[in-house]
Every structure is written in structure tokens, then in C-alpha cells.
Amino acid sequence: MARVLHNLFFFLIRLALKIRVWGYWSLIYGFCALCAVVALLKLWWSIVLRPTATFQWVIRESPPACLNDTSLGTHCYVRIKESGLRFHYVAAGERGKPLMLFLHGFPEFWFSWRYQLREFKSEFRVVAIDMRGYGESDLPLSTDSYCFEYLVTDVKDIVEYLGYNRCCIVGHDWGGTIAWLFAIHYPEMVTKLIVLNCPHPTVFTDYALRHPSQLLKCSHFFFFQLPRFPELMLSINDFKALKALFTSRNTGISRKGRWLTAEDLEAYVYALSQPGALTGALNYYRNVFSSLPLSHNHVRSPVLLLWGERDAFLEQEMAEACRLYIRNHFRLNIISGASHWLQQDQPDIVNTLIWTFLKEGEGRKGHRN
């Protein structure tokens, strides 16, 4: 009898786990289907209003002048032996100075760090990477090539190629996720961690599952799971949706005087209009549901988290919750009126807060407040 009960107990546990997994993926694919219906309606409406313009877009043949601005740094390339991928990065500041590494988000590339490259090159060797799938870095098309393990290893390999064993790492959006993970898995390589508008991955997972409002704000996570259709929707009307991310009233850069110039906007369209570029960028999302939750989640580096108050995609409550996973000094600054594109929207404030954090004494090490 005891053996029967024992077997029944474990059968029920296995059944509960299967039901949980089934429910998890049913939720994801159900939401994907809903987002696809909404996108199809938008496509239909675009065709009704602009039948000839909807399916017209241009692949830019040459970069705008702002991408060759020498004040931002030198364009460099490295091929990593382990992955075989070639990475492009822009570097400034004297070699041998402490390394400050910048990781961009979606749908950006190294250029989103232009204000920080100019600002911190006086005291650091500043390096802004085109992450795999972006810009002039290689664009593997397989979804499996964008799992967290590979993305974090890319950062490790690049730091070591640059001749460093430690760095100050700065990440925004998806680059922020990779920065969190790099600090979790390679704490000895991170002097300080600076993240902009990106919660700790565990915080994001826990919060989104408990707050439907956050699920709605990140509904693009589900839409981007679809093959090819998201690429089409971002391309139609000559990349109108892509431009709107940076310029619309709801999601765009909010500070007057910091709006993207026509040339700045063209730089983003140039990068994302290249063959395969949108697929590479979207593949970050196409792996996310298989990669979370994390098995390890504690950060042992000092952390500065900067958050734009008007972020259209991420709720502010997640910022404070990140404190739970940090085993060192943690500083959180909410920037009033700032959008998701924080380092471009409020670069002066962002740079000042980063300088303050960088110059804080090592005497605070191990202290949490």
C-alpha cells in the first residue's frame, strides 16, 4: 500500500508539472495569436489608407555621415575564435585605461551610446559593441544562436580580446539583460554594473506573471515569436513602425531638444534595413521564453540602476524590486520625464549620475542601502 501511495504521489507531481508547462506555453502561444490578429488588422488598415506605399521600403546603401563622426571613436573589428563570429565596435580613450563596455538594446546599435562615448573617454577606454545580430557584427540567422549563454560568452570573449580581465559594464534594454547576466555569471570580471531601463531578469519574470498590465506593455515579446511577420510589419511604409519607436508621443524620446535628428533616425534605419538585420535583432526575443527563469540570480558587484519615469514598456515598480538580488551597494535613480531611451533622452543627467557612482569610494563595498 505504501508503495502504491508513493508511486501515486510522484505521478501527481509529474502530472502537475506537465500541466504547468502546458499552461505556460499555451499562454504564450495564445498571446502570440492575439498579437498576430491585431497586427493583421493594422496591416489591412495600412493597405486601405496607403495601398501603394505600404509595401515600399528602401535598403540604405551607404551610412549617414553621423556614423563616421571621428569624435565618437575608431571603428574596429574582432573575430572571436570560439564562436567564429566577427564583431564590430567603436572605441575611444587611451588604451590601458580602465575599460567601460557599453551594450545596446533593441532596436539600436553602438550609435545609441554616442553621448557616453564622448563623455567618458577622458578617463576610460570606452567601447560600444554591435552585439551579435546587429549593425556591422555578424548576423547568425538561427534562433538558437541567440540563447543567453552565447550572448554572455560574447561579452566575456570581447573583454578578454581587448586585453582586460575586468571592466565597468553599462547596458540598456536587452543590453541591460546581458549586463545583469554577465555580472551574475562572471562577478570577478565586473568592477561596477550600470543598467538603464532594464530590470533584473528574475524580477521581470516574477513581476510580469503577476501583473497583466506589464504583460500588455511587453506584448511585443509575444508578437516577435512569430516567424517573418514581425519583420514585415517593422519594414512596411519604409520602416515607419521602427521610426515611431523613437519619435511617437507614447514611446519616443520625450525631451524637447533631444529628439533624434533626421540624420540620427536615418542611422537606425540604415542599420536595421540591411539584409537579415531585423531577423537577427528579433531573434533575441525568440529565445527568451526558453531561457527564463534563471537558476542563478544574485549580483555581487556594486550596481547603479537608472530608470526613465516615462518608460512605455516597463513599469517602474520593477526597479526597486531589483534590490532583492544585489549583494553589494545598490543605487537607484528614477529620472523624471525621461523615456525608455534614457541615455539619448537625458544624456547630461545620465552622465552625471554615472560619474557620481563611479567615483564613490570602495569603502562602501559590501554595504547595501
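Some ground rules. Residues are numbered from 1 along each chain as its sequence is written, and side-chain values use heavy atoms, with hydrogens and water left out. Because the model is predicted, local features need pLDDT of at least 70 and side-chain atom pairs count only at pLDDT 80 or more, while totals for chains, interfaces and linings use all residues.

Rings come first. How many aromatic pairs does a search of the whole structure find? It finds 26. Rings of Phe, Tyr and Trp (its six-membered ring) pair if their centres lie within 6.5 Å; planes under 30 degrees apart are stacked, over 60 edge-to-face, and the rest tilted.

Take Phe109 and Trp110. Their pair is edge-to-face, at 6.2 Å centre to centre, with 80° between the planes. Phe109 and Trp110 are buried. Buried means under 20% relative accessible area, exposed means over 50%, and partly exposed is in between (1.4 Å probe, protein chains only).

Now look at Phe120 and Trp355. The ring centres are 4.7 Å apart and the planes lie at 45°, so this pair is tilted. It links distant parts of the chain: Phe120 is in helix H2 (residues 114-120), Trp355 is in helix H14 (residues 347-358), and 235 residues separate them. Phe120 and Trp355 are both buried. On the labels: helices (H or I, at least four residues) and strands (E, at least two) are DSSP runs, numbered from the N terminus.

Rings also gather in groups. One aromatic cluster includes Phe106, Tyr134, Tyr146, Phe148 and Trp174.

Arg114 lies over the face of Phe111, 4.3 Å from the ring centre. Lys192 has its charged end over the ring of Phe357, at 4.7 Å from the centre.

Next, helix H4. Its 12 residues (174-185) should span 16 Å at 1.5 Å a residue, and the end C-alpha atoms are 17 Å apart, which agrees. The expected span is 1.5 Å times one less than the number of residues. Is H4 enclosed or exposed? Of its 12 residues, 11 are buried, so H4 is largely enclosed by the rest of the structure. Among the buried ones are Trp174, Trp180 and Phe182.

Last topic: salt bridges. A salt bridge is a side-chain nitrogen of Lys or Arg within 4 Å of a carboxyl oxygen of Asp or Glu. The whole structure has 13.

Arg132 bridges to Asp154, with the closest N and O atoms 2.6 Å apart. This pair links distant parts of the chain: Arg132 is in the loop between strand S4 (125-129) and helix H3 (148-161), Asp154 is in helix H3, and they are 22 residues apart. Arg132 and Asp154 are both buried.

Stay in H3. Lys156 bridges to Glu160, with closest N and O atoms 3.2 Å apart. The two lie four residues apart in H3, about one turn of the helix. Glu160 is partly exposed, at 41% relative accessible area.

One more pair. Glu360 bridges to Arg331, the closest N and O atoms being 2.3 Å apart. Glu360 is in the segment after H14, and Arg331 is in strand S8 (residues 330-335), 29 residues apart. Glu360 counts as buried at 13% relative accessibility, whereas Arg331 is partly exposed at 26%.

Finally, a salt-bridge network links Arg60, Asp238, Lys243 and Glu266.

Methods. A charge sits over a ring if NZ of Lys or CZ of Arg is within 6 Å of the ring centre and within 35 degrees of the ring normal.
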